[in-house]
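Dear colleague,

Please find below the structure that I am handing over to you. My notes on what was found in it follow directly after.

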Amino acid sequence: MLDACGRTIDYVRISITDRCNLRCVYCMPEEGVSCLRHADILTFEEIERVVRALQRLGVRYVRVTGGEPMARLGCLELVERIHWIPGIEEIAMTTNGILLDGQVERAKQAGLDALNISLDTLDPEVYRRITRGGELEKVLRVIDDALAAGLRVKINAVPVRGWSEDGLTGLAALARERDISVRFIELMPVGCGAALSPIPSDELEARMAAAFGPLTKDESHHGYGPARYVRPAGFRGSIGFISPMSHEFCDRCNRVRLTADGFLKLCLNHRAGLDLRALLRDGISEEGLETALREAIARKPRRHGFSEAIDDREERRMNEIGG
Ligand code: SAM
Ligand code: SF4
């Protein structure tokens, strides 16, 4: 469906838990956070019902995220349920990868099409420091297992000044021999990210060009998001840049988000949205649900407004929103 700004909304990102096995410096505080009670998060049946209703309104792509989606028991069962919904063309997952170690084949069988794996460095010590305890070798194994299983794989890195500056070209070089995209996402001032310093995409692109030579624009299909891609000579895969801060892409935004506690978020940085859990648990009809979703989506904010004063700024952390 179209929102009030004429943007086509065909993509939903679903955070299925706010819990995580890691504590990345830009996302969660070291001491952890108080998590939602199980009774307060949507059941798989409720999530499926929302996805079916969104599909009838034109959503075709679904991403399961978190927190760490694999930290929720039965995550792959949910993937399978969504995979079988008629009209859903693609189901993807954003994950830190660790709990997928040994589970990739099962994920493929469940119908997963694509995997975005968050990884900021190839240095095991730096990885452990950024994630506060993560084991790099498991992530690397999952990347290769996923490629072997025929999943489309992207790496998501969030470069942070002073934390993961060195070794970013080494990370990008993963795409030299492998058919993957290594994408650099600008740090956003959300939750713990607000206290850290981003590295702008243009600076990273210049570093990549210095390391790998001229970068050719890669216009081939990479999914349904706002990244722009380049390919150095001799690379099988590509390097991507997602630049919400330096090159705002709100005019092309195609997504809504569902938080683990059932709130339909219309924009990453705005509180505006719809309490779907209350509607679902009050016994709303299918028709009522569609109308409520349609009316909410029509109110999607025009811009994220990260760098200006807005009066309904989001206060949830990234692990609650799902990125
Ligand atoms: N746990 C999973 C993971 O790490 O991929 C899924 C949830 S995580 C919140 C989703 C994405 O948000 C990750 O790629 C992560 O790097 C990114 N992220 C977290 N905090 C961020 C921030 N402040 N700015 C930009 N991206 C952020
Ligand atoms: Fe967990 Fe993902 Fe947040 Fe890292 S970015 S703490 S893996 S939810």
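**Helix packing**

Helix α1 (residues 44-56) packs against helix α2 (residues 75-83) at an angle of about 30°, and their axes are 10 Å apart. Angles under 35 degrees count as roughly parallel, and α1 is therefore roughly parallel to α2. The crossing of these two helices, α1 and α2, is right-handed. Please bear in mind throughout that this is a predicted model.

Helix α1 also meets helix α10 (residues 286-298): the two axes come within 10 Å and cross at roughly 65°. The range from 65 to 115 degrees counts as roughly perpendicular, so α1 and α10 are described as roughly perpendicular to each other. For α1 and α10, too, the crossing is right-handed.

**Ligand 1**

Ligand 1 is surrounded by 20 residues, and the closest are Gly67, Thr94, Ser118, Met188 and Met318. Sorted by class, this shell holds 7 nonpolar, 11 polar and 2 charged residues.

- Glu68: an N or O atom in the side chain is 3.3 Å from a nitrogen atom of ligand 1.
- Tyr26: a polar backbone atom is 3.4 Å from a nitrogen atom of ligand 1.

Taken alone, ligand 1 exposes 550 Å², of which the protein buries 95%.

**Ligand 2**

Which residues are found around ligand 2? They are Cys20, Leu22, Arg23, Cys24, Cys27, Met28, Gly67 and Asn96. By class, the shell around ligand 2 has 5 nonpolar, 2 polar and 1 charged residues.

With kind regards

Terms used
Residues numbered from 1 in each chain as written. Chains lettered and ligands numbered in written order. Predicted model: local features only at pLDDT ≥ 70, side-chain atom pairs only at ≥ 80, totals over all residues. Heavy atoms only, no water. Near = heavy atom within 4 Å. Polar contact = N/O pair within 3.5 Å; in protein donor to acceptor, adjacent residues only side chain to side chain. Areas by Shrake-Rupley, 256 points an atom, 1.4 Å probe, with all protein chains shown as cover. Nonpolar A, V, L, I, M, F, W, Y, C, P; charged D, E, K, R; others polar. Axes fitted to C-alpha atoms, helices over the stretch in contact; angles between N-to-C directions. Helix = DSSP H or I, 4+ residues; strand = E, 2+ residues; numbered from the N terminus. Parallel < 35°, antiparallel > 145°, perpendicular 65-115°, else oblique. Left-handed = near helix turned anticlockwise from the far one by under 90°.
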